[in-house]
Amino acid sequence: MFKRTTISNAILVMAVTGSSIANAETIELDLFHRWPNEPIRSFIEARVEAFERQNPNIEVNIDQVLNDSYKDKLRVILGSSNAPDVFFSWSGEFGDNLARNGNVLSLESFIDSDRNWLEDNILLSQVEPFRYDGEVYGLPWQMNGKALFYNVDLYEQAGLAPPQTFDDLLASCETFKDMGAIPVVFSSKEHWAISHWVGTFNERIVEPSVIESDYQRSSGRFTDPAYVTALEELKRMVDSCSNQFTNATDHSTERSMFIAGRAAMNYLEYGEIRYLEEDAGFDWASTNFPVFENGDGQQRTMQGAPEGYMVSAKTQHPEASYRLIKFLVAGETAEQLTATTGFISSAVGAVTDETASSSQVAAAEQIADADGMYLWLDNALDIRIVNAYMNGVQLMLEGSKTAEQVMRDVQRVAAEVRQDATS
Amino acid sequence: MMTRSNRYSPLIFVVPAAALTVVFVYYPLILNFVYSFYEFSAISPGKVYVGWENFKELIQDEAVRISLINNLKYAAISVFFQVICSFIIAAILEDRFFRKIAPLLRVLYFVPVLLSVTIVAFVFQFFYDPITGLFNQILAGIGLEHLRQPWLGSSDTAIYAVIAISQWQSMGYTALLFIVSIQTISKDLYEASSLDGASKIQQFIHVTLPQSKEILLVVFIVTVAQSFTVFGEPYILTGGGPGYSSSVLATYLYESAFNQDRMGYASAIAVVVFAMTMTVLAVQLRMSKTGRQSR
Amino acid sequence: MTSHENTLARTASEHDRSTSNTRFKPLLGRALSVTGYSVSSIVLLVYVLVVTYPLFWTVINSLKSTQEIYTSSWSLPSEWMFSNYVDAWNGGVSSYFLNSFIVSASSVGLTVYISALCAYGLIRYKGPAGNALLLFLIGGLLVSPEVSLVPLYELMQVTRFHDSYLALIVPYVAYRLPITILLVRAYFLTIPSELDEAAYIDGYSSWKIFHKIYLPLSKTILITAGVLTAYYTWNEFLFAIIFIDSDSLKTIPSGLMAFRDALQTNWGVLLAGLVISAIPLIVAFIFLQKSFIRGMISGSVKG
């Protein structure tokens, strides 16, 4: 906003010339996050109010946009004249890209003098994914992972055990269909939702060294035939185990069908546990995605990554911004986070029997038990590759493209990205 | 009395309008041509000159090809509904037989025109829902279950489902234009032709149609031009998907600029949009000129 | 049937024919026109249903709970949830509404005033290149905003208009000027120049002539132009989603998108929000039908 910016410019001058922030007049910070929906929106509002009470000289303006739009909006807004001071970010390529373009402030200098606080408060394993080019650019406020949730009641009725392997999963489909249930509920309307599936199938089926090289912008080729196999396996599963009309179904509808008891399995984020706890009228449990016995990839890893907050390189109040981030990722905010929003806090000792439900504690354990985490595919890859990949998968699922054709499109775009990355 | 300064002084009243037009209409238009030869991003400073690269890529880009074809489909279907069907409806409404009910119908038909594209798109999203939506429920209700479709989620139907909504929204607008134009046709022409024993259909062909040539051309041009700049409907309903199957030039332009952050490439797509609308206008200019000569 | 009755029937039918101006029409033609009218009536009726049913459905479902929309969206509400409207209004629609109002009112006022000024200058200007100037000013009609999106976006950043009301008002005014100038100028030309001269002799400045004579005399066309501008700004979508980021500044078309995301699956409230957003223009149309129609017609004759 025109007026506000001029005023804050004036304040900046005072802040810089004054000896400490505390002496300056009111500082205004803009916070941008991705949850316009409740209860998270209100939770953040409440925590920010608490922050303002603690820091009477700081005033925080909050703004929010949902998921896919958030990604578009943030990319653009950071380059604009009104970049927010503090903003939500995923770790991985999404955050790396912002750092690479010089839009994010490195937090190294703050962390250096704050080492003890960091070690006492935040799980260091969750800070690592926020490192780009050796420097930490963000702090995590939640860890998240994707797991296969299953309807325990339906499994008992069917007399089956939860799937250990992908073949188990496929074999169980007929049984569930005969019972009138959807074996694996699936949606492919939104790119991000498909990318989680493709990411998992790639991880299990493609050799780790190949993935390592292909997921880099400068060396991505996607020529390994295992990528085609991964897509074919995905299509096989959707064709024989999933609901109709997946391209017209969005993720919230998909989850609603599982919650309504109409599906045996649903691939969800741990952050979605709260929806199940609120509305599911049956017993449910979760497990890491089954292994592919013939796959060349990693079988015990879990998809997911910490999510957290970063400071804009353009901020005029780096110190105040860092203080706000600290407030959002640790302390009381972290203690309340899991119970209020269902997100699994990444703060030390924040997820316990007192602060979280048993399934959330179990989720934290499952994350810890995994052989490591791999990034959400839509955050791991360049946005242009994601678009080509997921557009292709939509067409493959409805039968108008083959897996080979999809991968050929991906290879073509990857070549362009490679060229951009190396030039 | 009139001095030189007096002669030019009225120009001062033109200045605000001229300034706004120059800065916010012409300058960006020209700049867009310049930008189409550069590669740049909104988040990192600096523009790189790439010559004709963007245009070369554009020609080979399958998404551009699909988008352009979708714009053409948009234009063809819109002309059928918003020009031909609307005109017939307008002619029927203007028949004396319907004069009592016509004013009410005119208002009803016009209501969709008043709605924001967001409202219309959201409502039809409910209707298109594959499981709970009206269309599939009707099909199931009359025993045609096998015809049920994921209307917005299939690359065979998505673009048509989107186009259909625009027809629903805009037919009332063009019908109104036709009605007003038909009202200006002299009653004597109808009297004369009915004395000659012409039926209603013959009157329509021999009186209404030729007398409405000009408005038909105008509406035709406006409809086609709008089909090349359509954005809101596909953006909200499908985001161009599945794949690029319902993408149009404007949504692809938006995606290139604000999702993929390729501002130069987006400018090149904008040049294509500009070329398409200019072609349509050139056609109009030609047709209205020859129309005048023949009279 | 007696011959008498026969004659009676014949005269009656002759009478019919003569009143409908088809004295010489053969019987076949008459039959055709009966079918013609039935077909026409059916066409009109079907079109009425196609147009009104979605509107009716929206209003009815805006009064239901989400659960009921899912299970029985084709029947009347079992419980009329007027609270949906309160929730929608308090849940953000009031703010979008206010923003749309501010943006539309400012755009209308500025567009009409600046256009009238310009039109006045144009008709009084007797110097060289008057026609070229006119063409230059209304040439903007040919430019669709999509084409200049990227540079305009940058311009909004540079001017710091981005994410403020000005980011919408200024481009709206700029893009609505050409058609409005065209409209108003055509009307000004019909005002007799003697009026001007008389006022001039009375010592009126041209500034005063514009405000005291031209503006009051042109009320009708100014209202028409205003209605046309309001119609455009109230529903404008492209600039609204790109030039505004803050939820608190969004207008209805873009705000409803955010509203839907925030509600997730609270359909009843969403539909209530849609109904509320649609009301102002529908009401305006009912009260200002003539200006609306006149505006729409002159607005269509572009290029």
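Modeller: Before we start, buried area here is the accessible area (1.4 Å probe) that two parts lose on being put together, summed over both. Also, this is a predicted model: local features need pLDDT of at least 70, side-chain atom pairs count only at pLDDT 80 or more, and totals for chains, interfaces and linings use all residues. Residues are numbered from 1 along each chain as its sequence is written, chains are lettered from A and ligands numbered from 1 in the order in which they are written, and side-chain values use heavy atoms, with hydrogens and water left out.

Biologist: Fine. How much do chain A and chain C bury between them?

Modeller: About 1,600 Å², with 47% of it on carbon and sulfur atoms. In contact terms (heavy atoms within 4.5 Å), 21 residues of chain A meet 19 residues of chain C.

Biologist: How many salt bridges across the interface of chain A and chain C?

Modeller: The rule, a side-chain nitrogen of Lys or Arg within 4 Å of a carboxyl oxygen of Asp or Glu, finds 2 there. C:Asp245 forms a salt bridge with A:Lys73, and their closest N and O atoms are 3.2 Å apart.

Biologist: And which element gives the largest share of the side of chain A that touches chain C?

Modeller: H3(A), with 4 residues. Helices are DSSP runs of H or I, at least four residues, and strands are runs of E, at least two, numbered from the N terminus.

Biologist: What about chain B by itself, what's its secondary structure?

Modeller: Chain B comes to 14 helices and 2 strands. Its C-alpha atoms fill a box of roughly 85 × 75 × 30 Å, taken along the principal axes.

Biologist: How much of chain B counts as buried?

Modeller: 58% of its 295 residues, where buried means under 20% relative accessible area, exposed over 50% and partly exposed in between (1.4 Å probe, protein chains only).
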